[in-house]
Amino acid sequence: MLFPFHFAPQPTVFTRYGVEPYAYVVVHPCGSADTKSILGDELVTLVRDIRLHSPHLSVVISGSATDRAKLPKEIFEDARVVAGEVTISELATLLTACQL
């Protein structure tokens, strides 16, 4: 194993953000530069398209606190935003139980 990473699952993250395991997708919209990011209306459209075509799935937005500040306000209505709020163990828990 190249990167042995072990974490203690944090199942309370599901109830805190109102998502059911295996019933959501995670979108990490911000890259290392804005040119590598999906921001503004593009992000809103992406999230709404996911919800339209997969209404049984919630959308979780990940990222840093800096990323969170770049998110359009509509995203907070259409998705569960965990950017800048979760620990690395909570993020790992979310990623292990998302739809790909």
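**Notes on the sheet, the cores and the salt bridges**

1. Strands β1 and β2 (residues 58-61) are paired in the parallel sense over 4 bridges; two strands count as paired if DSSP finds at least two bridges between them. Helices (H or I, at least four residues) and strands (E, at least two) are DSSP runs, numbered from the N terminus. Opposite Ser 58 in β2 stands Tyr 24.

2. The model is a predicted one, in which local features need pLDDT of at least 70 and side-chain atom pairs count only at pLDDT 80 or more, while totals for chains, interfaces and linings use all residues. Residues are numbered from 1 along each chain as its sequence is written, and side-chain values use heavy atoms, with hydrogens and water left out.

3. The sheet is open, with 3 strands in the order β1-β2-β3 and parallel pairing. Because β1 (24-27) and β3 (80-81) stand at the edges with a single partner strand each, one side of each has no neighbour in the sheet. Helix α2 (residues 40-53) packs on the sheet and touches β1 and β2, where contact means heavy atoms within 4.5 Å. The direction of α2 makes about 150° with that of β2; axes are lines fitted to C-alpha atoms, for helices over the stretch in contact, and angles run from 0 to 180 degrees between N-to-C directions.

4. Which residues of the largest nonpolar core touch the most other members? Of its 14 residues, they are Leu 43, Val 47, Val 59, Ile 61 and Ile 75. A nonpolar core is a set of buried Ala, Val, Leu, Ile, Met, Phe, Trp, Tyr and Cys residues joined through side-chain atoms within 4.5 Å. Buried means under 20% relative accessible area, exposed over 50%, and partly exposed in between (1.4 Å probe, protein chains only). At least two residues of this core come from each of β1, α2 and β2, and α2 gives the most, with 4 residues.

5. Beyond its neighbours within four places in sequence, Val 59 is in contact with several residues, including Val 25, Val 27, Val 47 and Ile 50. A second, separate core has 10 residues, among them Phe 14, Tyr 17, Val 82 and Cys 98.

6. In helix α5 (residues 88-96), the buried residues are Ser 89, Glu 90, Ala 92, Thr 93 and Leu 94. These buried residues pack against α1 (12-17) and β1. Leaving aside neighbours within four places in sequence, Ser 89 is in contact with Phe 7, Ala 8 and Gln 10.

7. The whole structure holds 4 salt bridges, each a side-chain nitrogen of Lys or Arg within 4 Å of a carboxyl oxygen of Asp or Glu. One of them joins Arg 16 to Glu 90, with the closest N and O atoms 2.6 Å apart. Since Arg 16 lies in helix α1 and Glu 90 in helix α5, this pair ties together parts 74 residues apart in sequence. Arg 16 is partly exposed at 47% relative accessibility, whereas Glu 90 is buried at 9%.

8. Arg 48 and Asp 78 also meet in a salt bridge (2.6 Å, N to O). This pair links helix α2, which holds Arg 48, with helix α4 (residues 75-78), which holds Asp 78, 30 residues apart. Arg 48 is partly exposed at 41% relative accessibility, and Asp 78 is buried at 16%.
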